[in-house]
Amino acid sequence: MSATIIDGKAFAAKVRGQVAEHVARLKADHGVTPGLAVVLVGEDPASQVYVRSKGKQTVEVGMNSYEHKLSPDTPEAELLALIDQLNNDPAVHGILVQLPLPKHLNEDLVINAINPAKDVDGFHISNVGLLATGQKSMVPCTPLGCLMMLREHLGSLAGNNAVAIGRSNIVGKPMAQLLLRDSCTVTIAHSRTKDLPAVVRAAEIVIAAVGRPEMVPGDWIAPGATVIDVGINRIERDGKNVLVGDCDFASCAEIAGAITPVPGGVGPMTIACLLANTVTAACRANGLAEPEGLTA
Ligand code: NAP
């Protein structure tokens with residue numbers, strides 16, 4: 001193996017430390033305690049784990065955590081009324097509605113009901129538009145975490161050829177916008193892309209966000225490229241249940257200059273960036289300077 005392993009776990013701990021320091025200063029100097037409200041509708045086991053983990057880490061960095069657990073058959077009007085209440089609550093600086101929502105709820109309608117200034121997931125259509133036009137916005141957590149790791153590892157990203165494999169609204173598209181904002185030459189690949197191996201081989205930065213276990217082999221990777229593997233796929237191997245990424249780690253690590261592992265790469269950065277977005281939102285709401293290095 002020749003690639004440097006980008007340690008997302010360690011980097012996430014560093015980001016949480018920076019958030020905690022900023023929260024302590026906000027409390028001491030301005031009497032402001034950032035607050036994050038997380039809304040969970042239903043009993044999806046994976047979502048319950050995420051929400052618990054978010055609440056725990058929110059409290060650990062000194063912020064207030066407000067959890068709202070609603071039954072799976074909650075009517076849309078009731079959920080919208082809760083969002084309205086949170087939009088108007090000055091103690092709440094960030095609102096996150098855990099996705100996916102039960103089928104009877106309109107996700108776009110619900111997300112777009114959140115005050116964009118409190119939309120710490122960065123999914124509100126106003127934040128999507130602000131990001132696309134290069135204006136100050138709330139940036140989706142997973143691509144923000146990828147960007148932070150790329151900047152930390154490469155310094156300036158300007159002039160690099162970058163490919164995002166995947167065009168979802170939560171990863172691929174905002175990732176491409178962030179790379180473009182940092183002056184990369186960006187390609188967005190997807191299931192209809194012709195000759196994907198050649199597209200990936202032309203890239204110095206590869207973001208894999210597909211959801212297909214170990215789809216990207218090492219011989220697609222340009223020597224020395226930086227590979228960020230967003231994929232989280234659970235598979236059976238040697239009778240065990242294991243997590244793997246969208247890249248074949250062993251063969252990619254032979255060729256790449258640097259690579260994120262799965263687990264321990266992008267995953268831990270996502271919640272760290274949620275906390276970073278919440279402290280940023282609290283600063284903006286109070287007209288205070290934003291923490292450096294925690295936003296795009
Ligand atoms: P998604 O909404 O399912 O999007 C997957 C994308 O991959 C689509 O754009 C799809 O293309 C493309 N794709 C599918 N098969 C392909 C192929 N054979 N060749 C090229 N492109 C292909 O997934 P997502 O929500 O972006 O998530 C992607 C992965 O990241 C998943 O494993 C997910 O679990 C993981 N994830 C991790 C985190 C984290 O915190 N680490 C956060 C979010 C997601 P089409 O648009 O043409 O269908």
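Q: What makes up the shell around the ligand, by class?
A: Happy to start there: the shell has 10 nonpolar, 10 polar and 2 charged residues. Here Ala, Val, Leu, Ile, Met, Phe, Trp, Tyr, Cys and Pro count as nonpolar, Asp, Glu, Lys and Arg as charged, and the others, Gly among them, as polar. This is a predicted model, in which local features need pLDDT of at least 70 and side-chain atom pairs count only at pLDDT 80 or more, while totals for chains, interfaces and linings use all residues. Residues are numbered from 1 along each chain as its sequence is written, and side-chain values use heavy atoms, with hydrogens and water left out.

Q: Which residues are the closest of those that surround the ligand?
A: Of the 22 residues that surround the ligand, the closest are Arg-167, Ser-168, Ser-191, Ile-232 and Thr-270. A residue is near a molecule if one of its heavy atoms lies within 4 Å of it. Helix H10 (residues 266–285) gives the largest share of the shell, 3 residues; a helix is a DSSP run of H or I with at least four residues, a strand a run of E with at least two, and both are numbered from the N terminus.

Q: What is 2.6 Å from an oxygen atom of the ligand?
A: An N or O atom in the side chain of Ser-191 is at that distance. A polar contact is a pair of N or O atoms within 3.5 Å, so the Ser-191 pair qualifies. A backbone N or O atom of Ile-232, at 3.1 Å from a ligand oxygen, belongs in the list as well. The protein covers 70% of the 920 Å² of accessible area that the ligand has on its own, by the Shrake-Rupley method with a 1.4 Å probe.

Q: Why is H1 called roughly parallel to H10?
A: Helix H1 (residues 8–30) packs against H10 at an angle of about 20°, with the axes 9 Å apart. Angles under 35 degrees count as roughly parallel, over 145 as roughly antiparallel, 65 to 115 as roughly perpendicular and the rest as oblique. H1 is therefore roughly parallel to H10.

Q: What makes H2 and H10 oblique to each other?
A: Helix H2 (residues 45–60) and H10 pack at about 50°, with their axes 10 Å apart. The pair is therefore oblique.

Q: What is the phi of Asp-195?
A: Asp-195 has a positive phi of about 50° although it is not a glycine, and sits in the loop between strand S6 (185–189) and helix H8 (196–201). Most residues other than glycine have a negative phi.

Technical notes: A polar contact is a pair of N or O atoms within 3.5 Å; within protein, one must be able to donate a hydrogen and the other to accept it, and residues adjacent in sequence count only if both atoms are side-chain atoms. Axes are lines fitted to C-alpha atoms, for helices over the stretch in contact, and angles run from 0 to 180 degrees between N-to-C directions.
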